[in-house]
Amino acid sequence: MTETIVNPIVEQRADPWIMRHTDGYYYFTASLPDFSGIPLRRAQTLGELTAAAEKVVWQKRSTGVMSANIWAPELHYIQGKWYLYFAAAREDAIFDHRMYVLENSSANPLEGEWVEKGQIKTWKESFALDATTFEHENRLYYIWAQKDPEIEGNSNLYISEMENPWTLTGPQTMIATPEHTWEKVGFLVNEGPAVMKRNGHIYVTFSASATNHNYCVGLLRIDEKEDMLDSTHWKKYPQPILTTNESIREYGPGHNSFTTLADGTDIIVYHARNYKEIEGDPLWDPNRHTYIRPFSWQGDMPVLKKRMVNEEVTR
Amino acid sequence: MNQTENRNLILEQRADPWVYLHSDGYYYFTASVPEYDRIELRRATSLHELKDVEAVTAWVKPDTGPMSDLIWAPELHHIRGKWYLYFAAAKSREIVNGLFDHRMFVLENGSDNPLEGEWIERGQIETQWDSFALDATVFEHQDVHYLVWAQKDPSIEGNSNLYIASLKNPWTIQKPQVMLTKPELDWETKGFLVNEGPAVLKRHGQIFITYSASATDENYCMGMLSASEDDDLLNPDVWEKSLRPVFATNDAAGQYGPGHNSFTIDEQGRDVIVYHARTYTDIEGDPLYDPNRHTRAQIFTWTMDKQPYFGKPT
């Protein structure tokens, strides 16, 4: 069975997160253009996500914590429950984000109640965002972006083990900081980590530079047998794996996630704009759309298929 | 794995490795030799060149007397313009009340280059008890030199505990000595009750002392103490002890019983832990006479709450 994928698969959804669950559904969440809440939709194929009904399952508070700029939600299924990780600021400090998590014990996360489990506390109270989690050898890990006042730039990437889905435990270490030219255009940024286990390694993509056409995706990896917290084993690829491609009108691709097709084909999910010139702050330009592309592996290197437009894929 | 193996291996068959990067740009190296009969010194401008340079024998044990056997764990220090070698030695291999019978000794050399010149015996470091004592290390803090070492307290069960005292001169401590840690946690008491091999690291406003614990087989591992640099280092209450080992056997990489470390920085200024480990667990007879504790080194980093993070030996 095949279906036709039309990119972008979802318009005006940035920081897209797609996860394929054991119930056969692809679940989709992303940042809304007005950053007011957390949208969720599901469909049995990637192509059907385009028209699937969307429900805002959680809305920002009117004041105090979690009252402004709800960014980059991710849906995870951990030990039998659903969790939404997201970053939020306060209406009186709209860029001072912290990370929060919601829990839902329904079988279908579009139903049931989302319970606020609070802020995820890290080594310091500072700008923190873009949390993701993964399990490895029966341990639950958390990777996120955060500002270190001692390091120039906006954010670096950190890792910690989790005691439970809302609490970190043990040492916290930095696994990436903006260092290459392509990570430092406009702003010094490493953010939006996404985890993928392949080839005996754990790969983490991340997004770098300002969120205009300079935004791009870099790649880290570590041997799956190594200590995840030992930053000496995390290797950063010297070149980005996904950047602006004017010939196909995709500008500032980034903040990706990963999923697969029914036949196992690896899919990268990311946002991009289809124009370069932005009026005002890129953050308030609503046209970061969600794109998907298959990729394959050449040794240690993911090789993205060129642009996918109106293309048939195995459902 | 072979690549990793080669990268971290510094010298074969050298245990209790000590590396000191001096202001002259040389990495100085000494360690226990498998024969335990002498003190070797070598120097190179990088850690990896240490295996390519000729070792100089700085000192050979006499045939008889208190320094005539089991020369262990030498360390080279540069204190107020002179070089000092700290080491432990016994009068024989005889085991007395379940322990070897080491004491700590000091040699002095006034040359610029410690591979040259003459080493003068400054004698035994006298401590609170005439008992098994070893693994002396020295560090300076706020113009005071301190000695940290391992010793048997006749009233405490086990092989050795760690002690600190300030130094009146490089071979004389200011009494009383203060105990910093004793073997009490499960990972410190496997095979033998051991705390030994202290190594000092000063960073980020803190003073860390790593040490080695348990028997010198695959159970050997490292613990850590820490204090703030503003604390009174002679007050045992200021030292916080890690409840878990900070460095231990890594089966997946075939690195067993890592320990007896020292600290340095590599040519790029990155923090490096230097340690010994075996590549197998099947030791015939006493682990002490198995020569294959190899000197290894690897880069380490820091956690966000400013603790060193050594990872696993690889």
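Accessible areas here come from the Shrake-Rupley method with a 1.4 Å probe, and for residues only the protein chains shown count as cover. This is a predicted model: local features need pLDDT of at least 70, side-chain atom pairs count only at pLDDT 80 or more, and totals for chains, interfaces and linings use all residues. Residues are numbered from 1 along each chain as its sequence is written, chains are lettered from A in the order in which they are written, and side-chain values use heavy atoms, without hydrogens and water.

**View 1. Chain A as a whole.**
The accessible surface of chain A comes to about 12,500 Å². Carbon and sulfur atoms hold 46% of that surface. Chain A has 22 strands and 0 helices. Its radius of gyration is 18 Å, close to the 20 Å from the globule rule for 315 residues, so chain A is as compact as a globular protein of that length. The radius is taken over C-alpha atoms, and the rule is 2.2 Å times the number of residues to the power 0.38. Strands (E, at least two residues) and helices (H or I, at least four) are DSSP runs, numbered from the N terminus. The C-alpha trace spans about 45 × 45 × 45 Å along its principal axes. Of the 315 residues, 59% count as buried (under 20% relative accessible area; exposed is over 50%, partly exposed in between; 1.4 Å probe, protein chains only).

**View 2. The nonpolar patch at A:Ile94.**
A:Ile94, A:Phe95 and A:Trp284 make a nonpolar surface patch of about 290 Å². Patch residues have over 30% relative accessible area and no salt bridge; nonpolar side chains (Val, Leu, Ile, Met, Phe, Trp, Tyr) are joined within 5 Å, like charges within 9 Å. A:Ile94 sits in strand β8, residues 93-104. Its relative accessible area is 33%, partly exposed.

**View 3. The loop at A:Lys276.**
A:Lys276 lies in the loop between β19 (266-273) and β20 (289-298). It is partly exposed, at 30% relative accessibility. Beyond its neighbours within four places in sequence, A:Lys276 contacts A:His213, A:Glu246 and A:Tyr251 (contact: heavy atoms within 4.5 Å).

**View 4. The interface of chains A and B.**
16 residues of chain A are in contact with 12 residues of chain B. The two chains bury about 1,100 Å² between them, 59% of it on carbon and sulfur atoms. Buried area is the accessible area (1.4 Å probe) that two parts lose on being put together, summed over both.

**View 5. The salt bridge across the interface.**
The rule finds 1 salt bridge between chain A and chain B. B:Lys306 pairs with A:Glu150, the closest N and O atoms being 3.1 Å apart. The rule asks for a side-chain nitrogen of Lys or Arg within 4 Å of a carboxyl oxygen of Asp or Glu.
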